[in-house]
Amino acid sequence: MKQESIQFGFSVSIFKEQDYFVAHLPALDLSTAGRTFKQVQKRVQEMVGIFFEETEKAGTTEEVLLNLR
């Protein structure tokens with residue numbers, strides 16, 4: 001079975017809070033943090049990948065995509 005690839009663009013707010021950079025994706029209501037800007041960028045990519053892997057496993061990807069704000 002051939003898998004299709006779809007690309008999305010999400011707004012990400014990244015701000016510094018004490019010694020950490022914090023990233024928030026409002027559309028998915030997800031957050032992560034890292035000690036460096038580069039680290040938090042990498043964690044955002046990993047987090048979004050895991051989020052969609054889990055929605056795929058749960059069979060809720062279409063519902064999630066239709067309900068993006």
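The following is a conversation about a predicted model and the terms used to describe it.

Biologist: What should I know about the model before reading the values?

Modeller: The model is predicted, so local features need pLDDT of at least 70 and side-chain atom pairs count only at pLDDT 80 or more, while totals for chains, interfaces and linings use all residues. Residues are numbered from 1 along each chain as its sequence is written, and side-chain values use heavy atoms, with hydrogens and water left out.

Biologist: Which helices and strands are in the chain, and what makes a stretch count as one?

Modeller: The chain has two helices and three strands, in the pattern β-β-β-α-α along the sequence. Helices (H or I, at least four residues) and strands (E, at least two) are DSSP runs, numbered from the N terminus.

Biologist: How do you know that the span of helix H1 agrees with its number of residues?

Modeller: The expected span is 1.5 Å times one less than the number of residues. For the 22 residues of H1 (residues 37-58) that gives 32 Å, and the end C-alpha atoms are 32 Å apart, so the two agree. Just after H1, Gly-59 has a positive phi of about 75°.

Biologist: Why is Thr-32 called buried?

Modeller: Buried means under 20% relative accessible area, exposed over 50%, and partly exposed in between (1.4 Å probe, protein chains only). Thr-32 has 18% relative accessibility, so Thr-32 counts as buried. Of the 69 residues of the chain, 23% count as buried.

Biologist: What is Thr-32 in contact with?

Modeller: Contact means heavy atoms within 4.5 Å. Leaving aside neighbours within four places in sequence, the contacts of Thr-32 include Phe-21, Val-22, Val-40, Val-44 and Met-47.

Biologist: Which residues of H1 are buried, and what puts them on the same side?

Modeller: The buried residues of H1 are Val-40, Val-44, Met-47, Val-48, Phe-52 and Thr-55. They cover an arc of only 125° around the axis, so they lie on the same side of H1; the arc is that of the directions from the helix axis to the C-beta atoms. On the other side of H1, Lys-38, Lys-42, Gln-45, Glu-56 and Lys-57 are exposed. The cover over the buried residues includes strands E1 (13-17), E2 (20-25) and E3 (30-34) and helix H2 (61-66).

Biologist: What makes E1 and E3 edge strands?

Modeller: Two strands pair if DSSP finds at least two bridges between them. The three strands form an open antiparallel sheet in the order E1-E2-E3. E1 and E3 each have a single partner strand, so one side of each is left without a neighbour in the sheet.

Biologist: How many bridges join E2 and E3?

Modeller: E2 and E3 pair over five bridges, in the antiparallel sense. In one of these strands, E3, Thr-32 is the bridge partner of Ala-23. H1 packs on the sheet, touching E1, E2 and E3, and its direction makes about 145° with that of E3. Axes are lines fitted to C-alpha atoms, for helices over the stretch in contact, and angles run from 0 to 180 degrees between N-to-C directions.

Biologist: Why is the pair Glu-54 and Lys-57 called a salt bridge?

Modeller: A salt bridge is a side-chain nitrogen of Lys or Arg within 4 Å of a carboxyl oxygen of Asp or Glu. The closest N and O atoms of Glu-54 and Lys-57 are 3.3 Å apart, and the pair forms a salt bridge. A search of the whole structure finds one salt bridge. Glu-54 and Lys-57 are three residues apart in H1, and therefore separated by about one helical turn. Glu-54, at 41% relative accessibility, counts as partly exposed, whereas Lys-57, at 67%, counts as exposed.
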